[in-house]
Amino acid sequence: MPLPFTVAKFGGTSVGTPERVRGVVRLTPEAGSERRVVVVSAFGGVTDDLLAAIQHAVDRTGEHRDRLGSIRKRHTDALAVLTPEGERGPLAERLDAIWTQVGELLDGVSLLRECTPRVRAAIITAGERASAPLVASAFRAAGVEAVDLDASGLVRTDARFDEATVDMEATRELVREAFENVPPEAVAVVTGFVGSTEDGVRTTLGRSGSDYTATILGGALDAREVVIWTDVSGVLSADPRIVPEAFTLPRLSYGAAAELAHFGAKVLHPRTMRPLANARIPLRIANTLAPEDAGTTVGPMDDAGPGRIDAVTAVRSAALVRVTGTASLEVPDLAARVFGPLAESEIPVFLVAQASAEGSLCLAVREADAARTVATLRQRLAREIERGDVLGVEAEGGAAVVAAVGAHLEGAPGLAGRLFATLGRAHVNVRAIAQGASAHTISCAVADADAVAAITALHEAFALRRIRAHVAVIGAGTLGRRLLRLLGERQDALLAGDLNLRLVGLANSSRLLLDPAGLEPSTAPDALAGAPEADLDAVVERLAGARVERLVVVDATPSGAVAARHADLLRAGVAVVTPNKAATAMPLEAWRQTHAAAREGEVPYLYEAAVGAGLGVVARLRDLVRTGARVLAIEGVLSGTLSYVLTRMRAGARFSEAVREAHEAGYTEPDPREDLSGRDVALKLSLLAREVGLDVNPEDAQLESLVPDALRGVPLATFWERLPESDDAWAERIAAVGGGEVQYVGRLAEGGAIRAGAEAVRAEAGSLLAALRPSEIAIVVHTERTGDHPIFFQGPGASADVTAAVLLADIVRAAELMR
Ligand SMILES: NC(=O)C1=CN([C@@H]2O[C@H](COP(=O)(O)OP(=O)(O)OC[C@H]3O[C@@H](n4cnc5c(N)ncnc54)[C@H](OP(=O)(O)O)[C@@H]3O)[C@@H](O)[C@H]2O)C=CC1
Ligand SMILES: N[C@@H](CC=O)C(=O)O
């Protein structure tokens with residue numbers, strides 16, 4: 001059985017120096033299992049030097065011969081170090097013949113002061129014609145059999161000398177014939193970029209021509225694989241200057257690779273894949289500087305699931321050209337009349353959108369081509385413009401065409417919706433859309449100023465398959481700081497779980513630190529001290545208009561004023577997460593309006609941290625109600641502070657001592673009288689009542705206050721100072737219970753009445769409440785459905801650590817809900 005071929009192409013930088021040419025030899029597999037074809041470009045920079053020599057000749061600067069002299073010397077020097085001694089004379093003669101001919105051509109150019117495409121092709125292909133025999137000799141110097149072949153005898157083209165079109169059938173025959181004479185074990189080193197007409201006149205294959213030579217040969221020889229060796233490790237999922245997390249794509253379909261190239265990804269030219277796609281020959285992009293990297297394989301992707309977006313790219317500095325028609329427009333050949341002249345003028349079009357009812361067309365072209373496009377189209381549509389069928393042809397600059405590229409995009413329901421929703425959340429306005437022409441691309445035109453935001457958001461959502469959410473925290477006190485610490489600690493783990501939570505803002509009552517690019521959670525609290533001053537209005541205004549994707553604002557304040565602004569944030573599409581019980585203290589109507597604002601803004605409003613410290617009571621109650629359970633009563637120990645204080649007193653602690661310990665442990669509200677008065681419990685029960693649809697007002701709750709009468713209206717500092725005054729009275733009260741347990745129990749009755757106070761809860765009666773440990777809470781929900789088997793919630797009731805964790809869980813939930 002004949003050995004299969006592999007074709008490897010090495011570009012200019014890979015053959016830039018003799019040492020790198022030796023690298024080509026090292027990277028070429030040993031003889032044995034395959035026939036080896038190596039396509040080479042000119043030595044790095046030689047084609048440009050030849051072009052410069054042409055320009056000197058055209059301009060008659062007198063320097064073209066000097067330029068040629070240095071090119072020639074470079075090759076002579078390479079010959080001295082690369083070629084086996086016995087071959088140097090004959091090879092030097094071959095190279096001399098090339099440079100002599102090039103010198104004569106340049107003299108002719110200088111004489112005529114012009115260089116025709118045909119002569120230019122003859123001159124610039126000299127670079128490849130010189131490099132191929134040198135590389136072949138380097139193989140032989142390493143003991144590897146090698147021959148060099150001039151591709152002008154292999155690649156048959158038309159006479160477009162600058163970028164010739166290849167006659168694939170004729171080329172296939174020529175290639176197969178030529179390789180019959182190449183010994184199977186020899187490496188065939190072939191000139192890239194070069195072709196010739198039927199008459200044997202040299203042509204070039206245009207930009208990235210050597211890659212094309214490699215795939216033409218690969219296709220003609222039914223190669224097992226074509227490898228393009230370059231100085232990057234494959235095709236990246238995005239431009240790394242825009243998206244630092246861009247990664248090398250392991251696989252790509254031919255179509256996707258061509259689309260990426262069309263939309264500006266630099267690695268491959270769109271036509272490179274053409275000779276391989278029908279024969280399903282894979283093309284691998286590998287890195288000469290890191291040959292161990294797997295690179296990117298472009299090939300058939302039949303097994304790719306539906307709707308994979310792998311990469312995001314963009315054509316920047318574009319313009320939208322609009323041909324505005326009227327309803328009466330009847331130009332059946334409008335498309336031909338528009339695209340024909342643009343093709344003739346070689347104006348690439350990156351996006352087309354048509355509104356058929358009005359016969360209007362929108363095209364995206366490079367901004368630099370916009371004026372030419374408008375002039376061309378106005379000329380071609382002059383008759384329609386005169387008749388009034390076409391109202392105008394206008395260009396609007398400052399655009400970019402963003403393309404999401406992948407596989408089977410046509411067969412993925414909802415994909416386009418998610419894509420445009422992602423752009424919407426990134427506050428990117430879409431000006432024109434194109435999908436359907438290719439199964440590999442969804443493209444849209446956006447403002448060039450929005451291109452980076454669009455590329456970043458799409459890359460993150462689809463290529464990295466991550467959700468990105470931004471977090472701003474109002475309140476940098478005990479809880480706010482603890483939350484930031486936790487966020488910092490968990491950020492990497494969340495990222496690994498495909499959620500990128502980025503802190504973008506931190507505020508207190510006088511300042512706002514805001515940076516959409518991200519803040520470091522560990523240093524943000526200190527940085528806040530130096531941030532610009534901002535009152536609550538300014539904070540809300542800046543956050544509501546922040547234009548960042550999936551913004552979650554955490555209200556970690558005890559402030560009613562902040563709670564009153566939740567609705568403004570929600571309505572602006574900003575999610576709110578809060579432990580702030582002042583929100584519950586709002587009148588019922590305001591509470592309802594806040595929820596309505598969340599629906600209007602289509603964002604979550606989450607406050608699991610405000611009651612039950614993350615035991616999940618709010619969500620569970622909501623589920624019970626949604627599934628038709630009638631809640632009859634809710635009761636329990638709802639205050640972590642009071643659980644702590646009363647339990648500690650039973651163990652012998654004095655009242656003031658227990659309150660201070662609770663405060664220091666982070667259980668109490670900033671003012672512990674909120675806890676001791678029972679108001680905290682009333683607010684929590686009100687919140688639960690509202691979740692089950694009851695119209696309650698926390699102000700109506702009947703509460704036993706544990707705040708000594710004399711300390712109710714005094715400043716906080718005085719309260720702390722005088723708190724021990726009530727220690728004796730408390731000791732007596734605990735003793736009076738007679739060795740039993742005392743807990744502060746809150747109750748919500750079916751009609752909505754709330755009562756709370758300290759009461760004896762007897763362990764011997766099997767009371768759950770009597771078994772609570774310090775700061776532990778328990779909530780019991782009685783429903784009609786569960787009858788004698790109420791639903792219990794029990795666990796740690798307070799502390800900044802516990803609450804910060806609940807807040808983070810709600811932030812994650814909010815981010816996921818805003819998908
Ligand atoms: N500790 C716990 O276990 C739990 C606490 N909570 C709740 O957490 C919230 C915060 O508690 P904690 O961190 O201890 O309180 P702190 O007093 O330590 O911090 C409060 C923060 O809120 C800021 N703030 C107050 N008013 C405003 C305003 N109008 N605008 C902007 N910022 C404001 C303060 O700013 P400045 O310093 O400038 O005044 C401060 O940064 C409270 O609502 C509490 O009920 C909820 C559940 C459990
Ligand atoms: N101060 C509160 C904190 C949690 O809501 C409590 O003690 O329960």
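Colleague: Val-390 lies in strand E14 (residues 390-407). Why does Val-390 count as buried?

Modeller: This is a predicted model, where local features need pLDDT of at least 70, side-chain atom pairs count only at pLDDT 80 or more, and totals for chains, interfaces and linings use all residues. Residues are numbered from 1 along each chain as its sequence is written, while chains are lettered from A and ligands numbered from 1 in the order in which they are written. Now Val-390: there are 24 C-beta neighbours inside 10 Å. A residue is buried if 20 or more other C-beta atoms lie within 10 Å of its own, exposed if 12 or fewer, and partly exposed in between, with C-beta atoms placed from the backbone. So Val-390 counts as buried.

Colleague: How is the chain divided into domains?

Modeller: There is domain 1 (28-220), domain 2 (308-462), domain 3 (467-611) and domain 4 (616-796). The bounds come from an automatic or database domain assignment. Taken over C-alpha atoms, the centres of domain 1 and domain 3 are 64 Å apart.

Colleague: Take Ile-474, in strand E17 (residues 467-474). What makes Ile-474 count as buried?

Modeller: Its tally is 27 C-beta neighbours inside 10 Å, so Ile-474 counts as buried.

Colleague: Which residues is Ile-474 in contact with, leaving aside neighbours within four places in sequence?

Modeller: Ala-507, Val-539, Val-553, Val-554, Asp-555, Ala-556, Thr-557 and Val-562. Contact means that the two C-beta atoms, placed from the backbone, lie within 7 Å. Thr-578 is 104 residues from Ile-474 in sequence, yet 9.7 Å away in space, C-alpha to C-alpha.

Colleague: Ile-442 is in strand E16 (residues 441-447). How do you know that Ile-442 is buried?

Modeller: Ile-442 has 23 other C-beta atoms within 10 Å, and is therefore buried. Beyond four places in sequence, Ile-442 touches Ala-404, Leu-409, Ala-416, Leu-419 and Gln-435. Ile-309 is 133 residues away along the chain, with 9.2 Å between the C-alpha atoms.

Colleague: Now the loops. What makes the phi of His-427 worth a remark?

Modeller: Phi of His-427 is near 60 degrees, a positive value in a residue other than glycine. Most residues other than glycine have a negative phi. His-427 sits in the loop between helix H14 (415-425) and strand E15 (430-435).

Colleague: Why does His-427 count as partly exposed?

Modeller: There are 16 C-beta neighbours inside 10 Å, so His-427 falls in the partly exposed class.

Colleague: And Ser-775: buried or exposed?

Modeller: Buried, because 26 other C-beta atoms lie within 10 Å of Ser-775. Ser-775 is in the loop between strand E26 (754-761) and strand E27 (776-783). Phi of Ser-775 is also positive, about 75 degrees, although this residue is not a glycine.

Colleague: Which residues of H3 and H6 meet?

Modeller: His-75, Ala-78, Leu-79 and Leu-82 in H3 meet Ala-130, Leu-134, Ser-137, Ala-138 and Ala-141 in H6. By class, that contact of H3 with H6 has seven nonpolar, two polar and no charged residues. Nonpolar covers Ala, Val, Leu, Ile, Met, Phe, Trp, Tyr, Cys and Pro; charged covers Asp, Glu, Lys and Arg; the others, Gly among them, are polar.

Colleague: What makes H4 and H5 roughly antiparallel?

Modeller: The axes of H4 and helix H5 (residues 117-124) cross at roughly 150 degrees and come within 9 Å. H4 and H5 are therefore roughly antiparallel to each other. Val-102, Leu-105, Leu-106 and Val-109 of H4 make the contact with Val-119, Ala-122 and Ile-123 of H5. The classes are seven nonpolar, no polar and no charged.

How values were computed:
Helix = DSSP H or I, 4+ residues; strand = E, 2+ residues; numbered from the N terminus. Axes fitted to C-alpha atoms, helices over the stretch in contact; angles between N-to-C directions. Parallel < 35°, antiparallel > 145°, perpendicular 65-115°, else oblique.
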